[in-house]
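This briefing concerns one protein structure and is arranged by topic. Please consult the sequence and the structure alongside the points below.

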Amino acid sequence: MRRAQRLTGAQLAELVGMSQPKISRIERGRGLPDPEDIATIARALGADETLVRSLMERAEQSHDRMTDWRPTSATLASRQENVADWEAATRTVRDFQPAVLPGLAQTGEYARAAMLSFQRLVRTSAEDNLEMAMAAAVTERTRRQEILADRAKSFHFIITEAVLRNGICPPTEMLGQVERLRTLSARPNITIGVIPDGAPVEIPPLHGFTLLDDNMVIIDVYNTGLTSRGRNDVDRYRQVFDLFLTSAIDDLAPLLDKYQRYYADQLNPR
């Protein structure tokens, strides 16, 4: 339809208020299209409501086939781009992590160290230059964090205490990461909860996940990312998040002080 109207991807993007890369990803079938985005684009291209509904149904069906889980993009950088688009359309982000910090809370050095281990596992022929691939991924993750300044959005992070103890990067950088958590926790639209070691939990913290409103759940596994918009999946993960919330404490100062000393001691052993 776009080509029939002799519109470029950039022109269509401006017409519908989306980014050109997002239009490109939708047209190339990268990631899962949001049915509302499909409707907006179709209407802008002059589709009647019958066709709009048909296209929306096809987009919905792409989430509700044999399984609702779908892999995200192959490269780490493109995965960050996809998540950034989804976060831009989200009012409330809920993120639970038992092993590493949520991406939106990571410093650049922490993000690099965390993603480097995954990049070595999923490296593709298009990413032969590891340094370039990592630079692109870290840049996109850092760009994602600009959304934290949007006071119209709220962010709720829950981590286990093990996350603070896991030295993903050198002690100097971990000290910077601890300080970043202290800064983020002071923002009015961000809450950070920690499940202390030994705290009773109603369900084992098997893996991390991110909920975008009550519309999508994202899971990172070793070799890819998985997403689902299936209602049952999203509802179950919201229940799990709320269970972890009951075990978390929000008075971070004592724990942050503890791990600030922990990493400082590693730099200056007695």
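At what angle do helix H1 and helix H3 pack? In this predicted model, helix H1 (residues 9-16) and helix H3 (residues 35-44) pack at an angle of about 105 degrees, and their axes are 10 Å apart. H1 is therefore roughly perpendicular to H3, given that angles of 65 to 115 degrees fall in that class.

**Contact of H1 with H3**

- On the H1 side, the contact is made by Leu-12, Leu-15 and Val-16.
- On the H3 side, Thr-40, Ile-41 and Ala-44 take part.
- The residues of this contact comprise five nonpolar, one polar and no charged.

- Arg-6 belongs to the segment before H1, and its phi is near 55 degrees, a positive value in a residue other than glycine.
- Arg-6 has 76% relative accessibility and therefore counts as exposed, the cut-off for exposed being over 50%.
- Asp-213 lies in the loop between strand E5 (209-212) and strand E6 (216-220); phi of Asp-213 is near 50 degrees, again a positive value in a residue other than glycine.
- Asp-213 counts as buried because its relative accessibility is 16%, and buried means under 20%.

- Arg-144 is found in helix H7 (residues 130-144).
- With a relative accessibility of 10%, Arg-144 counts as buried.
- Leaving aside neighbours within four places in sequence, Arg-144 is in contact with Gln-80, Val-83, Ala-84, Glu-87 and Leu-104.
- Arg-144 and Leu-104 are 40 residues apart along the chain, while their C-alpha atoms are separated by 7.0 Å.

**Largest pocket**

- The largest pocket holds about 930 Å³ of space.
- Its lining consists of 36 residues, of which Ile-26, Glu-27, Pro-33, Ile-38 and Ile-41 are the closest to its centre.
- Helix H2 (20-27), H3, helix H4 (49-61) and helix H5 (76-88) are the elements that give two or more residues to this lining.
- H2 supplies the largest share of the lining, five residues.
- By class, the lining of the largest pocket has 16 nonpolar, six polar and 14 charged residues.

**Second largest pocket**

- About 780 Å³ of space lies in the second largest pocket.
- Among its 37 lining residues, the closest to the centre are Gln-97, Val-100, Phe-118, Asp-220 and Val-221.
- At least two lining residues each come from H5, strand E2 (92-97), helix H6 (108-122), H7, E5 and E6.
- The lining of the second largest pocket divides into 21 nonpolar, 10 polar and six charged residues.

**Enclosed space**

- The count of cavities of 30 Å³ or more comes to one.
- The largest cavity contains about 40 Å³ of space.
- Leu-101, Val-163, Leu-164, Met-174, Gln-177, Val-178, Leu-181 and Tyr-263 form its lining.
- Helix H8 (161-165) and helix H9 (171-185) are the elements that give two or more residues to the lining of the largest cavity, and H9 gives the most, with four residues.
- This lining has seven nonpolar, one polar and no charged residues.

Definitions and conventions: Residues numbered from 1 in each chain as written. Predicted model: local features only at pLDDT ≥ 70, side-chain atom pairs only at ≥ 80, totals over all residues. Heavy atoms only, no water. Axes fitted to C-alpha atoms, helices over the stretch in contact; angles between N-to-C directions. Parallel < 35°, antiparallel > 145°, perpendicular 65-115°, else oblique. Contact = heavy atoms within 4.5 Å. Nonpolar A, V, L, I, M, F, W, Y, C, P; charged D, E, K, R; others polar. Buried < 20%, exposed > 50% of the residue type's maximum accessible area, 1.4 Å probe, protein only. 1 Å grid on protein atoms, 1.4 Å probe; cavity = no way out; pocket = protein on both sides within 12 Å on 5 of 7 lines; lining within 4 Å. Points joined across faces, edges and corners; volume = space filled by probe spheres on them.
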